[in-house]
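Hi,

Here is the structure I promised to pass on to you. Have a look at it first, and then read my notes below.

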Amino acid sequence: MNANLFHQLLSTDNNIILTLIRIVLGVVVFPHGAQKLFGWFGGHGWNGSMNFFKNVVGVPYLLGALSILTESVLAVFLVAGLFTRVAALAILINMIVAATMHFKNGFFMNWNGNSKGEGYEFHLLTFALSIALIIGGGGMFSLDSLL
Amino acid sequence: MSTTKNGFVKMVFETDESLSLTFLRFIAAIVIFPHGAQKLLGWFGGYGISGTLGFFSQLGIPPFLGILDILAESVGAILLATGLLTRLSAFGTAVTMIVAVFTAHISNGFFMNWSGQAAGEGFEYHILYLAIVLVLLVKGGGAYSLDKLIAKKSVSDEKTNYELQSAKS
């Protein structure tokens, strides 16, 4: 990659707000990835999740694998502030795809327990945080700022 | 204009040209408004104001706080969308989220009820919302906010006053 472009991708300022956004988004997304990758927190683990993606959701193998890696490995990258923009973009795309799968349940989460599933308002919140990171980068205490 | 007044204007309205803040503000508004409209107007299958206050009293939330909550989620959402008094509405919705976590969601754990098998919704949603409004509370409304216009006007007023004073002396 062009060195200049690479630096632009990592460039950020000493902004602690970006640090907060990065850590919160990473910490919220990671448990979902750990469920799918390791079976932590009552999750299905890699095989179970891949089967679920293939048989129930109908997602191709490669996309399922990318989604699991995005929610696990790239969530850790976000917390560390490593390739923040790339990680944030991957999480944004992951969440857009997830949101389309929740459209049928409408906007609202299943707050009263009488809806047939979760809506997409949760995903909208992740859009806001990942867009802010794509614009601003990793901010203070990020590995990006050291590279 | 007195310095104290100007300091106050600065504290409430001052912000920068950040587009990130605009995104955060819009999405915070878009996500919370339907909740406010449910509670204030009974839209989207909501209870409306009296039904909501009745529900709150069952949770042990006094009407005064209930009304503030309803205003934060409805009027506050419109303030967030326009970027008017961004910090005030960010504060209001932040309090709303914290109260929601501790009155209703903490017992359900972290996760939302994704697989439909949990007793209810967890608090990961509220963490995301709190991060957004905490940013707005610290940094204000950013680009395309009315706060930005007000802050700019206040600075130019100050300049005009200063020029008038200098001209007199």
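Two residues are in contact if their C-beta atoms, placed from the backbone, lie within 7 Å. With that in hand, 62% of the contacts in chain A between residues at least 6 apart in sequence join residues at least 24 apart.

Some housekeeping: this is a predicted model, where local features need pLDDT of at least 70 and side-chain atom pairs count only at pLDDT 80 or more, while totals for chains, interfaces and linings use all residues. Residues are numbered from 1 along each chain as its sequence is written, and chains are lettered from A and ligands numbered from 1 in the order in which they are written.

Now for chain A. It has seven helices and zero strands (DSSP runs numbered from the N terminus: helices are H or I, at least four residues; strands are E, at least two). The C-alpha trace of chain A spans about 50 × 30 × 25 Å along its principal axes. Of its 147 residues, 41% are buried, meaning that 20 or more other C-beta atoms, placed from the backbone, lie within 10 Å of a residue's own.

Next, the place where the chains meet. Chain B gives 27 residues to the contact and chain A gives 25 residues. On the side of chain B that touches chain A, α2 (19-41) and α6 (124-139) of chain B are the elements that give two or more residues.

Enjoy exploring!

Notes:
A residue is buried if 20 or more other C-beta atoms lie within 10 Å of its own, exposed if 12 or fewer, and partly exposed in between; C-beta atoms are placed from the backbone.
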